[in-house]
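Hello,

Here is the structure I promised to pass on to you. Have a look at it first, and then read on for what turned up in it.

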Amino acid sequence: MRLLLVEDEAELAEAVQLGLVRAGYAVDVTGTAAGAYEKLTVNDYDLLLLDLMLPDGDGFTICRAIRSGEMPVVAGTDLRVLMLTARGGLTDRVRGLDDGADDYVVKPFALDELLARVRALLRREVRGTSAVLTVGELSLDTARHEAWRGERRLPLSPKEFGVLEYLMTRPGHVVSAEELLEHVWDENVDPFTQTVRVTIGTLRRKLGGDRLIETVVGKGYRLT
């Protein structure tokens, strides 16, 4: 899954980005409202982690613009928003939620709690309450970052895990290489790379035996 972190405290942004990347997410970072507007209108994000106090604006305004459709973000008005802020008063929390935030985390926060809240928000896409996704013989634990086929644990790389997770949230649907590139890799990836095809190939080998991931010629891939 691909996330956008909007945080102007450089050390905190670096620490949060590192923790999210280690958890298997693709993460883009900006420290300004202008940067947030630019990235949100170009890239399709699964979740926005949004600081309230920015040098050139505030998170309340950004969130309202997303929810109202005033800012035409690629992900649409249903983009999930997790606010990060040192302003933990009741009034600020209520305002953030009323402006359209899905959740609110007050600084300082524990990384484990932040990761749990991120996982909970991302599960809304598949209407699930568990951290474990299951499709046929496949199961994927997003909290422990483990994947299994039956009783066999799959030794997946972070990107293989990310591709499988994205496909498992859309079983039976054709997902294009461009969509996988958009949601599993960050903005530094070369859009003309063969990395999706290569990752699909290694993932298939690790899944073993029959081809659970079908290639739909000219369209993309489907988890069957």
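A word on one term before we start: a residue is called buried when its relative accessible area is under 20%, and exposed when that value is over 50%. Please also keep in mind that this is a predicted model.

With that in hand, take helix H2, residues 33–40. Its buried residues are Ala33, Gly35, Ala36, Lys39 and Leu40. Around the axis they cover an arc of only 160 degrees, so they sit on the same side of H2. What do the buried residues of H2 pack against? Their partners are the strands E1, E2, E3, E4 (53–54) and E5 (57–58), together with helix H3 (59–68).

In H1, Ala13, Val16, Gly19 and Leu20 are buried. Viewed down the helix axis, the buried residues of H1 fall within an arc of 135 degrees, which means that they line one face. The buried residues of H1 pack against strands E1 (2–6), E2 (26–30) and E3 (47–51), and against helix H5 (111–123). On the face turned away from the buried side you will find the exposed residues Ala10, Glu11, Glu14 and Arg22.

After H1 comes Gly24, with a positive phi near 100 degrees.

Now for the chain as a whole. It is divided into domain 1 (2–122) and domain 2 (132–223). Their centres, taken over C-alpha atoms, are separated by 26 Å. Domain 1 gives 12 residues to the contact and domain 2 gives 11 residues. Between them the domains bury about 1,000 Å², with 38% of it on carbon and sulfur atoms. There are 2 salt bridges between domain 1 and domain 2.

Speaking of salt bridges, Arg2 forms one with Glu182, and their closest N and O atoms are 3.6 Å apart.

Finally, look at Thr142, in the loop between strand E9 (138–141) and strand E10 (146–149). Is Thr142 buried or exposed? Its relative accessibility is 14%, so Thr142 counts as buried. Leaving aside neighbours within four places in sequence, Thr142 is in contact with Arg119, Ala131, Phe161 and Glu165.

Enjoy exploring!

Best wishes

How values were computed:
Residues numbered from 1 in each chain as written. Predicted model: local features only at pLDDT ≥ 70, side-chain atom pairs only at ≥ 80, totals over all residues. Heavy atoms only, no water. Buried < 20%, exposed > 50% of the residue type's maximum accessible area, 1.4 Å probe, protein only. Helix = DSSP H or I, 4+ residues; strand = E, 2+ residues; numbered from the N terminus. Arc of directions from axis to C-beta. Contact = heavy atoms within 4.5 Å. Domains from an automatic or database assignment. Buried area = accessible area lost by both parts, 1.4 Å probe. Salt bridge = Lys/Arg side-chain N within 4 Å of Asp/Glu carboxyl O.
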